[in-house]
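Thanks for coming, everyone. Let me put the structure up, and then we can walk through it together.

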Amino acid sequence: MTTQQQEEEKRYDPGDTTLKFVNRQDDLDPLDDDTETLKAEMSCGHAVTPESLTGWCRSLLDQGQFKFLCPALEDGTFVKCGAEWSYQEVRRLAVLTTEEMEHFEKTMAALAAATYCEYKSCPVCETFVEREDLTNLSVLCTVCTADKGQRYEFCWQCLKQWKGPGPRSDRCDNDGCINQDLELLKNCETTSLPQVAGVTDCPSIRACPTCGQQVEHDKTGCKNILCPRCNKEFCFVCLKLTEDCLETSSYFTACSAGVAPRQTSIPTWKRN
């Protein structure tokens, strides 16, 4: 099947009475001037085409986000809609193909598992092991413990047999047990946000203050960023949650607290 044929199929059926069709600009494409392509209204009220909706939702999955949030701006503002669309709605209005549905569902399942569970393969038996205590790097493998007839623990960070006292949250006593994510936060280059007044020399990589996920700013738009893991929006500059930051500043102005220094620890996500 050619690309042209795929694009031709990704159109709405004008006779579909279950969809609300509208004659206005595609809200996911600010440059849209196509008056011929049929557009449908999402549950949040914004207009989309199958192509724009598929493209946006696929980009979210590529960024590690499995919740589909509307990126359209509210009329006359810089505030994003942020409404969450169900997968069922996305599947229907994006006119997903069988291959696309398979990709979406497989990716969503993997991302959800990575978000709500901490698991890695045991370095010995390769069985998936979940880390229930996110403040402890020493993890028990029950399979190896049963096979060996003695307690077997490995280090979540360096993936070697645990060495030294525990529990610990920073490292074990094995040589080379270093938190690479933390080293990156400490030593990353600085960046500026061209569209935010007065923001220069800001660390280019941040750990989400809620869950610890590492994120980078794409240097476009406002200073706030949406974490793809916990779905919390925070200020990339001062590291406060957006609602707290905006109490004393705005989306495109410097924070009253200035640029937060480089992070020297990674926040632990308290899910409950």
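With that, take Leu239. Leu239 sits in the loop between strand S15 (233-235) and helix H7 (242-245). Keep in mind that this is a predicted model.

Why start there? Most residues other than glycine have a negative phi, and most peptide bonds are trans. Leu239 is not a glycine, yet its phi is positive, about 70°. Is Leu239 buried or exposed? Its relative accessibility is 16%, so Leu239 counts as buried.

Now compare Glu126. Its phi is also positive, near 65°, and again the residue is not glycine. Glu126 is in the loop between strand S6 (119-121) and strand S7 (128-130). Glu126 is exposed, with 62% relative accessible area.

One more backbone item. Gly166 and Pro167 are joined by a cis peptide bond, with omega about 0°. Pro167 belongs to the loop between strand S9 (153-155) and helix H6 (180-187).

Next, the sheet. Three strands form an open sheet, in the order S1-S2-S3, and the pairing is antiparallel. Strands S1 (21-22) and S3 (47-48) are the edges; each has a single partner strand, so one side of each has no neighbour in the sheet. S1 pairs with strand S2 (residues 39-41) over two bridges. In that pairing, Val22 is opposite Lys39 of S2.

Phe21 is partly exposed, at 26% relative accessible area. What does Phe21 touch, leaving out residues up to four places away in sequence? The contacts are Tyr12, Asp13, Pro14, Asp16, Leu38, Lys39 and Ala40.

Tyr12 brings us to the rings. The whole structure holds four aromatic pairs. In the pair of Tyr12 and Phe21, the ring centres are 5.9 Å apart and the planes stand at 55°, so this pair is tilted. Tyr12 itself counts as buried, at 8% relative accessibility.

Now helix H2, residues 50-62. The buried residues in H2 are Pro50, Ser52, Leu53, Thr54, Cys57, Leu60 and Leu61. Just after H2 comes Gly64, with a positive phi of about 85°.

In soluble globular proteins, nonpolar side chains tend to be buried together. Here the largest nonpolar core has 24 residues, and Leu53, Phe68, Trp85 and Phe104 have the most contacts inside it. Which elements give two or more residues to this core? They are H2, helix H3 (87-93) and helix H4 (98-116). H2 gives the largest share, four residues.

Look at Leu53 in detail. Beyond four places in sequence, Leu53 touches Leu28, Met42, Val48, Trp85, Val90, Leu93 and Ala94.

There is also a second, separate core of 20 residues, and its members include Leu193, Val196, Leu239 and Cys245. So we finish where we started: Leu239, buried, with its positive phi.

Definitions and conventions:
Residues numbered from 1 in each chain as written. Predicted model: local features only at pLDDT ≥ 70, side-chain atom pairs only at ≥ 80, totals over all residues. Heavy atoms only, no water. Buried < 20%, exposed > 50% of the residue type's maximum accessible area, 1.4 Å probe, protein only. Pairing = 2+ DSSP bridges. Phe/Tyr/Trp six-rings, centres within 6.5 Å; stacked < 30°, edge-to-face > 60°. Core = buried A, V, L, I, M, F, W, Y, C linked by side-chain atoms within 4.5 Å. Contact = heavy atoms within 4.5 Å.
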